[in-house]
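Here is a brief report on one protein model. Keep the sequence and the 3D view open while reading.

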Amino acid sequence: MSPRPPPTLEDSLREMFPEEWLRQTAKETGLIKRERKIDPVIIFWVLTLSFGVRLQRTLSSLKREYETESHKTISDSSWYYRFTPELVEFLHQCVIHGIEELAKEPGRKLSKKLENFQDIVIQDSTIVRLHSSLSDKFPAARARTVAAGVKVGVMVSAVANGPKTVALYSEKSAEIKTLKIGPWIKDRILLVDLGFYKTQMFARVEENGGYFVSRIKKNMDPVVVSIEEGMPKTKCKDFIGKPISECIKQLSGKDIDAVVKIAFKRREYKGKQKQDEMNVRLVAVYNDEDEKHHIYITNIQKEILNAKDIANLYGARWDIV
């Protein structure tokens, strides 16, 4: 017997959202109160898949798509009056169901170097543009004309191979406001881009038993506390107490692994904001293509991941996302 071909994306999606489940959910959410011309299964697939063709779709173009898929002609009222709060709730339940189904799939296993960690998680966000009529409730952050939008914050798990949490925020919300650090971060590695860069947040990750890897901001120039690797021990003392930028200038394309001191302000408490500082590991890895160093900060020990491991781990965030 010839081997079965691997399942297609369509097969996987239909298995995740079976017709029976869609019809039952449509009834439970009030989308379908009685049998009408609008089929909840067809409208689900039209609304979820048609947007991949182009960035903007109109209700009339979606109506034509529905008629093509259903092989039926429907009146404008049958179509336009279907866009109700019940439809929103129906799609909301579909999103929750999809995330739950992804979580059930067999998880990935971390490599041997990372086996002592529970997971690698990535926080990121994107803007979803809404119709301008919603600008009063969901105003856009940077728009010259009347516009509306929301920020979708997503945390992705490498082990679960999918989203861990999804939340909606005002488009004006700062990236860092979409990330809440707590005990859940224990024994997990958090990868974030510069939109989430905040030393106060890194301190909270460490205090909760977690780990982080981030690029360092260009305007940050922390002072060197010690040199772990990258230069002869006889020269290490010359770099202690100096800004990391001075050290990198003298590296001539070599990697460096150091401990640096970063000052920051704690969260305001009773009207006062305490100054604090923390030591973090700084890794500068020379990139031949860019002909410059890529600089990262982390609290993962060098005995677990060396300098290039840290750079590769951060680079993997694009594969995971």
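Asp-119 counts as buried, because its relative accessibility is 4%, under the 20% cut-off. Asp-119 lies in strand β1, residues 119-130. Note that the model is predicted.

The side chain of Asp-119 makes a polar contact of 2.5 Å with the side chain of Ser-157. The Asp-119 side chain also reaches the backbone nitrogen of Ala-158, at 3.4 Å. Asp-119 and Ala-158 are 39 residues apart along the chain, yet their C-alpha atoms are separated by 6.5 Å. Neighbours within four places in sequence aside, Asp-119 is in contact with Leu-110, Ser-157, Ala-158, Val-159, Asp-187, Arg-188 and Ile-189.

## The chain as a whole

The protein chain has eleven helices and nine strands. Of its 321 residues, 39% are buried. Among contacts with a separation of 6 or more, 54% join residues 24 or more positions apart.

How many disulfides does a search of the whole structure find? The search finds zero.

## Residues by accessibility

The table sets out some residues by relative accessible area.

| Residue | Relative accessible area | Class |
|---|---|---|
| Asp-119 | 4% | buried |
| Thr-178 | 5% | buried |
| Ser-214 | 0% | buried |
| Lys-261 | 38% | partly exposed |

Thr-178 sits in the loop between β3 (162-170) and β4 (188-192). Is Thr-178 buried or exposed? Thr-178 is buried, because its relative accessible area is 5%. Beyond four places in sequence, Thr-178 is in contact with Gln-123, Lys-151, Tyr-169 and Phe-196.

Ser-214 belongs to strand β5, residues 211-215. Its relative accessible area is 0%, so Ser-214 is buried. Leaving out neighbours within four places in sequence, the contacts of Ser-214 include Val-192, Tyr-197 and Phe-202. Ile-295, Tyr-296, Ile-297 and Tyr-314 are also in contact with Ser-214.

Lys-261 lies in strand β7, residues 256-265. Lys-261 counts as partly exposed, because its relative accessibility is 38%, between the 20% and 50% limits. With neighbours within four places set aside, Lys-261 is in contact with Pro-222, Val-223, Val-225, Glu-277, Met-278 and Asn-279. Gly-241 is 20 residues from Lys-261 in sequence, and 9.4 Å from it in space, C-alpha to C-alpha.

## Helix α10

Helix α10 covers residues 307-315. Which of its residues are buried? Ala-307, Asp-309, Ile-310, Ala-311, Leu-313 and Tyr-314 are. At the start of α10, a side-chain oxygen of Asn-306 comes to within 3.2 Å of the backbone nitrogen of Lys-308. Tyr-314 of this helix is in contact with Ser-214.

## The second largest pocket

About 390 Å³ of space lies in the second largest pocket. The elements giving two or more residues to its lining are α9 (244-249) and β9 (292-298). β9 gives the most to this lining, with four residues.

The lining has 18 residues in total, and those nearest the pocket centre are Arg-215, Ile-216, Lys-218, His-293 and Ile-295. By class, the lining holds nine nonpolar, three polar and six charged residues. Ile-295, one of the residues nearest the centre, is also in contact with the buried Ser-214.

How values were computed
Residues numbered from 1 in each chain as written. Predicted model: local features only at pLDDT ≥ 70, side-chain atom pairs only at ≥ 80, totals over all residues. Heavy atoms only, no water. 1 Å grid on protein atoms, 1.4 Å probe; cavity = no way out; pocket = protein on both sides within 12 Å on 5 of 7 lines; lining within 4 Å. Points joined across faces, edges and corners; volume = space filled by probe spheres on them. Nonpolar A, V, L, I, M, F, W, Y, C, P; charged D, E, K, R; others polar. Buried < 20%, exposed > 50% of the residue type's maximum accessible area, 1.4 Å probe, protein only. Contact = heavy atoms within 4.5 Å. Polar contact = N/O pair within 3.5 Å; in protein donor to acceptor, adjacent residues only side chain to side chain. Disulfide = S-S within 2.5 Å.
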